[in-house]
Amino acid sequence: MAYVPILKGKRGELTALGRMTPDVRAGILPILEVAHGERPQKGVETFLTNARSRLPTELDVAVDCADLWRHGAVGEVLAGRPMTWIGEEFGAWPVALLPVFRADDPPEALAEVRDVQRAHGRGAVLRVDALAAPAAALHVPDALRAVDLAPEQVDLVLDAGHVSGDAAVAEALPPMLDALHRARRAPWRAVVVASGAFPQTLGNLARGDVPNRLHRWDAALWRKVASATDGGPPPYFGDYGVSHTAMPPPDRRGGIPNIRYTVGEDWQVRVARRRLPGNDDFFTIARDLLRSEHWPPRGEDTSWGDGELARCARRERPKAGNGTDWRAWTTSHHLAVVTDSLRTMDQP
């Protein structure tokens, strides 16, 4: 495992995970953030339904319920708190669950993590705000005791949050290096440097034939951290895929057809003009991608998502899909590209 994508626990992202090839699946530990939605119980039920039908077998999955814990008990038949409910459901599947916790989580949340990790036996994931790591470090020993785990049973994720631009990377670098230096004093099972760089909205991007080039500042931060560390292996890489770091609000509207396409150190983001009925403008931007220099050498064999994009470009699909489909296809491409880059070039 060298790649830790932090993904929203939604149908599109879960579909992409379910369509991974074995070599991609072997190289990642996804963290799934469960959203409470309009009703916490409905949010958990929807997550479990999608996870049950889409997650592949023989995969370790970390689940983060931070967005749910403040809502208290959820569920009816399994009327417990969210991590307990999710842990019981995952116990019946051939998918290993690693609960996610933070050092300053309330005692009842840490107790849930303790019980779930004991039941699943795969340890847990500790997420730390890298920009506030010195303060968080004070609570780490107590939190580890509360969840009944030693550092060597825990994957540590140092998260810088959203970074966008040289200034943000430069600001995040010193505290991230300090957090990494502190982390290496303990025998963590793995240490991950994570951040996100995709914008929160596409509203400011140009629409039409020419893609918007957005730099992957999260990958740039990781490269600076890796080059500045003295000795030892570099930390694992984490990002937020092709999404912003923040959990989006429920959206009942159809999104503008778009393709968030990972190419090297950038995203090439195509946003369609509204010219055709329904979402048929997606066929146009998929065709433009297929004809562009950004279409990869392996083409539709790059990932399942690339195959679906190629089908759209050739109008082999009866419908152009929707926002959930587009997120699934581009997340599939992103996961394949990043894991391949880490495996062949030792960088994301």
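Arg343 is partly exposed, with 44% relative accessible area. Here buried means under 20% relative accessible area, exposed over 50% and partly exposed in between, with a 1.4 Å probe and protein chains only. The model is predicted: local features need pLDDT of at least 70, side-chain atom pairs count only at pLDDT 80 or more, and totals for chains, interfaces and linings use all residues. Residues are numbered from 1 along each chain as its sequence is written, and side-chain values use heavy atoms, with hydrogens and water left out.

Arg343 forms a salt bridge with Asp340, and their closest N and O atoms are 3.2 Å apart. A salt bridge is a side-chain nitrogen of Lys or Arg within 4 Å of a carboxyl oxygen of Asp or Glu. The two residues sit three apart in helix 13, so about one helical turn separates them. Helices (H or I, at least four residues) and strands (E, at least two) are DSSP runs, numbered from the N terminus. Asp340 is partly exposed, at 33% relative accessibility.

Asp340 also belongs to a pocket lining. It is among the residues closest to the centre of the second largest pocket, together with Thr302, Ala336, Val337 and Ser341. This pocket holds about 610 Å³ of space. On a 1 Å grid over the protein atoms alone, a pocket is an open set of points where a 1.4 Å probe fits, with protein on both sides within 12 Å along at least five of seven lines; lining residues have an atom within 4 Å of a point. Helix 13 gives the most to the lining, with 10 residues. Helix 2 (22-25) and strand 10 (258-263) each supply at least two. The lining divides into 14 nonpolar, 11 polar and nine charged residues.

The structure holds 22 salt bridges. Arg189 pairs with Asp155, the closest N and O atoms being 3.0 Å apart. Arg189 lies in the loop between helix 9 (166-183) and strand 7 (190-196), and Asp155 in strand 6 (residues 154-162), so this pair ties together parts that are 34 residues apart in sequence. Asp155 is buried, at 5% relative accessible area, whereas Arg189 is partly exposed, at 37%. Within helix 12, Glu308 and Arg311 lie three residues apart, about one turn of the helix. They form a salt bridge with closest N and O atoms 3.2 Å apart. Glu308 is buried, at 11%, and Arg311 partly exposed, at 29%. A network of salt bridges links Lys8, Glu33, Asp64, Arg102, Arg127 and Asp159.

The largest nonpolar core contains 80 residues, of which Phe47, Leu55, Ile86, Phe90 and Leu158 touch the most other members. A nonpolar core is a set of buried Ala, Val, Leu, Ile, Met, Phe, Trp, Tyr and Cys residues joined through side-chain atoms within 4.5 Å. A second, separate core of 17 residues includes Tyr261, Phe282, Ile285 and Trp295. Beyond its neighbours within four places in sequence, Phe90 is in contact (heavy atoms within 4.5 Å) with Phe47, Leu48, Ala51, Leu55, Val63, Val95, Leu97 and His120. Phe90 is one of the buried residues of helix 5 (residues 82-90), along with Pro82, Met83, Trp85, Ile86 and Gly87. Their cover includes helix 3 (40-54), strand 3 (60-64), helix 4 (66-69), strand 4 (96-101) and helix 6 (107-120).

Lys319 lies in the loop between helix 12 (304-313) and helix 13 (323-345). Lys319 is exposed, at 63% relative accessibility. Lys319 and Gly278 are 41 residues apart in sequence and 9.2 Å apart in space, C-alpha to C-alpha.

Technical notes. Grid points are joined across faces, edges and corners, and a volume is the space filled by probe spheres set on the points. Ala, Val, Leu, Ile, Met, Phe, Trp, Tyr, Cys and Pro count as nonpolar, Asp, Glu, Lys and Arg as charged, and the others, Gly among them, as polar.
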